[in-house]
Amino acid sequence: MPVRVRVLVDNSAPLPTRLLPEYGFSALVEDVGAGVRILFDTGSSGLPLEHNLKLLGVDTASIDYVVLSHRHYDHTGGLRRFLELRGGKPVTVIAHEDLFTPSYARLKALGGSLADIGIPYTRAELESLGARFLLVRKPVRVTDSIVVSGEIPREWGPSHAWGMLRLSEGGLVEDNMRDDMALYIHTSGGLLAITGCGHAGVENIVENGLAQLGEERLYGVIGGLHLLGAPADRPPAVVKYLESKKPKVLAAMHCTGPLVQGVLAERLPNAYRLAGVGLEVEVE
Ligand SMILES: [Fe+2]
Ligand SMILES: [Fe+2]
């Protein structure tokens, strides 16, 4: 039975659609056979999420699980509105143990000033609206074919977390975003990985997923690869790696960056999908 992935929130709306974009990411992942709906990330504000779910005719109360890829506001900021729309109906929210750890960034694109980019709500606030947190480090199997990755080891490549900071006793230190998780879908064609920002690094996300599923074939990657602001040698290395894995579907969006998206489109023309809100991929 198929698994259907629909992109609900992304930075761009490149397809003819009435769906609204915003900076951030969210996807609806449905295991049609199991009758399970997963909201993977929630975008920044909840406004496009609300609008787009309504336009697609998806009742928020019909969603069985929320999975948060990591703690950045552009993936967690829509959670409050989502919970409000459910009218207090409880929902399991699967995320990493570090979900409520403060998160900062100092980015050139933000004028070099320090920005608070963590989850903009307290745990108590979200629980009072119906969130039931399952905070993990280990993988979580949601259905026969869908697994939340758990913490992703950085064994195969670097983290993609340039400019990310966290507080430690000595002040602000570099943060490799160990809370960054992916959703692994086991399709008949191999692994389909859904990423949020991809801070764990695409090689780590894919190789860890293949190992977890006992697979050799990469079917595809949908989501952010966080190459905005990357050192100059990283985008070509990522392109080369993805070419070597011969995916059937590649929809790199959100924080991948438009320049890298263009290169991926040129180098993997058969796999590349014009990515943004409204993108729909169905796999068996
Ligand atoms: Fe992001
Ligand atoms: Fe992020």
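Mentor: What follows goes through the metal site, the aromatic pairs, one glycine and the salt bridges.

Mentor: This is a predicted model, so local features need pLDDT of at least 70 and side-chain atom pairs count only at pLDDT 80 or more, while totals for chains, interfaces and linings use all residues. Residues are numbered from 1 along each chain as its sequence is written, chains are lettered from A and ligands numbered from 1 in the order in which they are written, and side-chain values use heavy atoms, with hydrogens and water left out.

Trainee: OK, metal first. What coordinates the iron ion (ligand 1)?

Mentor: Asp74 (OD), His75 (NE2), Cys197 (SG) and His254 (NE2) coordinate the iron ion (ligand 1), at 2.1 to 2.2 Å. Donors here are N, O and S atoms within 2.8 Å of the metal (3.2 Å for Na, K and Ca); water is not among the atoms, so sites may look incomplete.

Trainee: And what geometry does the site of the iron ion (ligand 1) have?

Mentor: Irregular, with angles of 84 to 156° among the four donor atoms. Four donors count as tetrahedral if all angles lie between 85 and 135 degrees; four count as square planar and six as octahedral if opposite donors are over 155 degrees apart and all others between 65 and 115; anything else is irregular.

Trainee: How are the donors of the iron ion (ligand 1) spaced along the chain?

Mentor: The spacing is D-H-x121-C-x56-H. His75 is in helix H2 (residues 73–76) and His254 is in the loop between strand S16 (249–253) and helix H7 (258–267), so this pair links distant parts of the chain, 179 residues apart. Helices (H or I, at least four residues) and strands (E, at least two) are DSSP runs, numbered from the N terminus.

Trainee: Are His75 and His254 buried or exposed?

Mentor: Both His75 and His254 are buried. Buried means under 20% relative accessible area, exposed over 50%, and partly exposed in between (1.4 Å probe, protein chains only).

Trainee: Which residue coordinates both the iron ion (ligand 1) and the iron ion (ligand 2)?

Mentor: Cys197 does, and the two ions are 3.5 Å apart.

Trainee: Switching topic. How many aromatic pairs are there in the whole structure?

Mentor: A search finds two. Rings of Phe, Tyr and Trp (its six-membered ring) pair if their centres lie within 6.5 Å; planes under 30 degrees apart count as stacked, over 60 as edge-to-face and the rest as tilted. Phe25 and Phe40 are edge-to-face, at 6.4 Å centre to centre and 75° between the planes. Phe25 lies in the loop between strand S1 (3–9) and strand S2 (26–31) and Phe40 in strand S3 (residues 36–40), so the pair ties together parts that are 15 residues apart in sequence. Phe25 and Phe40 are buried.

Trainee: And the other pair?

Mentor: Phe100 and Phe133 are edge-to-face, with 5.3 Å centre to centre and 85° between the planes. Phe100 is partly exposed, with a relative accessible area of 27%, whereas Phe133 counts as buried at 12%.

Trainee: Where does Gly278 lie?

Mentor: Gly278 is in the loop between H7 and strand S17 (280–283). Leaving aside neighbours within four places in sequence, Gly278 is in contact (heavy atoms within 4.5 Å) with Val7, Leu15 and Leu19. Gly278 and Ser12 are 266 residues apart in sequence, yet 9.8 Å apart in space, C-alpha to C-alpha.

Trainee: Last topic: how many salt bridges does the structure hold?

Mentor: The structure holds 19. A salt bridge is a side-chain nitrogen of Lys or Arg within 4 Å of a carboxyl oxygen of Asp or Glu.

Trainee: Why do such pairs form in general?

Mentor: Side chains of opposite charge can pair when their charged atoms come close.

Trainee: Give me a buried example.

Mentor: Asp179 and Arg71 meet in a salt bridge, 2.8 Å from N to O. Asp179 lies in the loop between strand S12 (171–174) and strand S13 (183–187) and Arg71 in the loop between strand S4 (65–67) and H2, so the pair ties together parts that are 108 residues apart in sequence. Asp179 is buried, with a relative accessible area of 1%, and Arg71 counts as buried at 2%.

Trainee: Which residues are linked in a network of salt bridges?

Mentor: Glu50, Lys54, Arg80, Arg81, Glu84 and Glu125.
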